[in-house]
Amino acid sequence: MTFDDLKAHCPQWQHYIHHPFVQQLADGSLPRKAFRYYLEQDYLFLLQFTRAWALALYKSDNIDQMRQAQAGINAMLDVEIGLHIDYCASYGVGQAQLMALDEHPATVAYTRYVLDVGLQGRLSNLHCALAPCIIGYGEIGAHYHTTDDNPYASWIAMYKSDEYQAVRHAEIDTLNQLLRDVPASQHAVLQKQFNTAVNMEIAFWQMGLDNA
């Protein structure tokens with residue numbers, strides 16, 4: 001079993017990558033209110049995602065896995081969360097306001113699902129729940145092209161960057177290594193966890209559109 005197998009057996013993968021929210025981001029037509037709401041909730045999402053990487057550190061079996069988890073924590077705290085704070089500031093939302101926001105049910109459902117999978121399962125289970133976000137955003141960045149006058153060009157550029165594409169491929173490699181040791185009897189469970197996380201990504205996009 002590999003990441004390609006998970007992706008091939010996920011009926012909703014293409015809908016996730018090409019969701020109307022993403023398409024409107026790429027062509028610049030997404031309502032500003034929708035993007036702001038998404039950014040606010042994504043900030044709250046990333047706080048929980050950092051905890052998931054901390055859980056991956058705890059679940060690691062060797063020093064290489066621990067280092068990758070540490071890199072994930074550092075990327076969240078030192079880069080992505082900071083970028084979201086800056087993005088939100090440009091929309092008139094300060095960090096104190098972000099911390100006071102209520103989590104949308106889609107944010108709660110997705111993040112707590114990832115943590116629950118990680119708590120109950122092994123590192124391979126946790127990465128099957130993390131991978132749709134890490135790899136999917138990289139695939140979106142690699143696929144979509146936009147123009148400089150697009151108000152969301154910097155968002156696309158962040159996930160198109162060489163730095164993020166390296167993160168995407170590192171996660172694919174890690175997931176493939178973990179899946180190599182999983183017995184065939186567990187493949188259906190991992191596929192279900194992966195598919196559920198993809199469906200929750202779709203719900204997260206839809207949340208943004210619904211709050212336009």
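I began with valine 114, which counts as buried at 3% relative accessibility; buried means under 20% relative accessible area, exposed over 50% and partly exposed in between (1.4 Å probe, protein chains only). The model is predicted, so I note its terms: local features need pLDDT of at least 70, side-chain atom pairs count only at pLDDT 80 or more, and totals for chains, interfaces and linings use all residues. Residues are numbered from 1 along each chain as its sequence is written, and side-chain values use heavy atoms, with hydrogens and water left out.

**Entry 1: valine 114 and α7**

I placed valine 114 in helix α7; helices (H or I, at least four residues) and strands (E, at least two) are DSSP runs, numbered from the N terminus. Leaving aside neighbours within four places in sequence, I listed Ala52, Leu126, Ala129 and Leu130 as in contact with valine 114, where contact means heavy atoms within 4.5 Å. I also looked up valine 114 against glutamate 139: the two are 25 residues apart in sequence, and their C-alpha atoms are 20 Å apart in space.

I then checked the length of α7. Its 16 residues (105-120) should span 22 Å at 1.5 Å a residue, and the end C-alpha atoms are 22 Å apart, which agrees. The expected span is 1.5 Å times one less than the number of residues in the helix.

Which residues of α7 are buried? I found Ala106, Thr107, Tyr110, Thr111, Tyr113, Val114, Leu115, Val117 and Gly118. I recorded their packing partners as α4 (32-59), α8 (123-143) and α11 (187-210).

**Entry 2: α8 against α11**

I took the packing geometry next. Two packed helices are described by the angle between their axes and the distance between the axes. Axes are lines fitted to C-alpha atoms, for helices over the stretch in contact, and angles run from 0 to 180 degrees between N-to-C directions. For α8 and α11 I read an angle of about 45° and axes 8 Å apart. The pair is therefore oblique; angles under 35 degrees count as roughly parallel, over 145 as roughly antiparallel, 65 to 115 as roughly perpendicular and the rest as oblique.

From α8 the contact includes Cys128, Cys133 and Tyr137, and from α11 it includes Phe194, Glu201 and Trp205. I counted 13 nonpolar, 3 polar and 1 charged residues in the contact of α8 with α11. Ala, Val, Leu, Ile, Met, Phe, Trp, Tyr, Cys and Pro count as nonpolar, Asp, Glu, Lys and Arg as charged, and the others, Gly among them, as polar.

**Entry 3: α10 and its partners**

I checked α10 (162-180). It has 19 residues and reaches 27 Å from its first C-alpha to its last, close to the 27 Å expected. Its buried residues include Arg168, Glu171, Ile172 and Leu175. I listed α1 (3-8), α4, α5, α8, α9 (153-160) and α11 as the elements packed against the buried residues of α10.

For α8 and α10 I read an angle of about 150° with axes 9 Å apart. The two are therefore roughly antiparallel, and their crossing is left-handed.

For α5 (63-90) and α10 the axes come within 12 Å and cross at roughly 150°. This pair, too, is therefore roughly antiparallel, and I noted a left-handed crossing. I found Gln65, Gln68 and Glu80 of α5 meeting Tyr164, Ala170, Glu171, Thr174 and Leu178 of α10. By class I put 3 nonpolar, 3 polar and 2 charged residues in that contact.

**Entry 4: two single residues**

Is histidine 19 buried or exposed? I read a relative accessible area of 1%, so histidine 19 is buried. It lies in the loop between α2 (13-17) and α3 (20-27). Not counting residues up to four places away in sequence, I found histidine 19 touching Ile202, Trp205, Gln206 and Leu209.

Last, I looked up alanine 203 in helix α11. Alanine 203 is partly exposed, with a relative accessible area of 36%. I noted 9.0 Å between the C-alpha atoms of alanine 203 and threonine 107, which are 96 residues apart along the chain.

Notes:
A crossing is left-handed if the near helix is turned anticlockwise from the far one by less than a right angle, and right-handed if clockwise.
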